Amino acid sequence: MNRLKDVVSKIIETPMWPDFHSGDTVTVTIKIREGNKERLQKFQGVVIQRKGEGNTATFTVRKMASGVGVERVFPIASPLIDNIEVNKRGKVRRARIFYLRKLTGKSARIKERRDIVKE
């Protein structure tokens, strides 16, 4: 029975997205169906949490739209996700940064992480 689960999990693998964490600013491109037409829509914001592991993992992205905070939860293995692009790496000290919900303006900014490349 375990062997069957291993085979099935290999068949249904999660797509290889770039490595991102909470605090990073990402652009998620989503496929949207309207009737029989399909189009791509971009959702750009800050990752405020990563949850779960494997195929059931999700991440939450928050953005400000006309002064109103909009959050959207994406399953990592969703076939509707076309692309995930990391725009900026953020330096945060928590895995879940829900405190951003209370902050607006300059106080809601996240410092950029400086990655040191070892050669």
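**Close-up views of a predicted model**

**View 1. Ser66 in a loop between two strands.** With a relative accessibility of 82%, Ser66 counts as exposed, a word used for values over 50%, whereas buried means under 20% and partly exposed lies in between (1.4 Å probe, protein chains only). Ser66 sits in the loop between β3 (58–65) and β4 (68–75), where strands are DSSP runs of E with at least two residues, numbered from the N terminus. Most residues other than glycine have a negative phi. Ser66, although not a glycine, has a positive phi of about 55°.

This is a predicted model, in which local features need pLDDT of at least 70 and side-chain atom pairs count only at pLDDT 80 or more, while totals for chains, interfaces and linings use all residues. Residues are numbered from 1 along each chain as its sequence is written, and side-chain values use heavy atoms, with hydrogens and water left out.

**View 2. Arg62 and its partner Glu71.** Arg62 belongs to strand β3 and, at 15% relative accessibility, counts as buried. Its side chain makes a polar contact with the side chain of Glu71 at 2.9 Å (a pair of N or O atoms within 3.5 Å; within protein, one must be able to donate a hydrogen and the other to accept it, and residues adjacent in sequence count only if both atoms are side-chain atoms).

**View 3. The largest nonpolar core.** This core, a set of buried Ala, Val, Leu, Ile, Met, Phe, Trp, Tyr and Cys residues joined through side-chain atoms within 4.5 Å, has 14 residues, and Phe20, Val28 and Phe59 are among those with the most contacts inside it. β1 gives the most to this core, with three residues.

Technical notes: Helix = DSSP H or I, 4+ residues; strand = E, 2+ residues; numbered from the N terminus.
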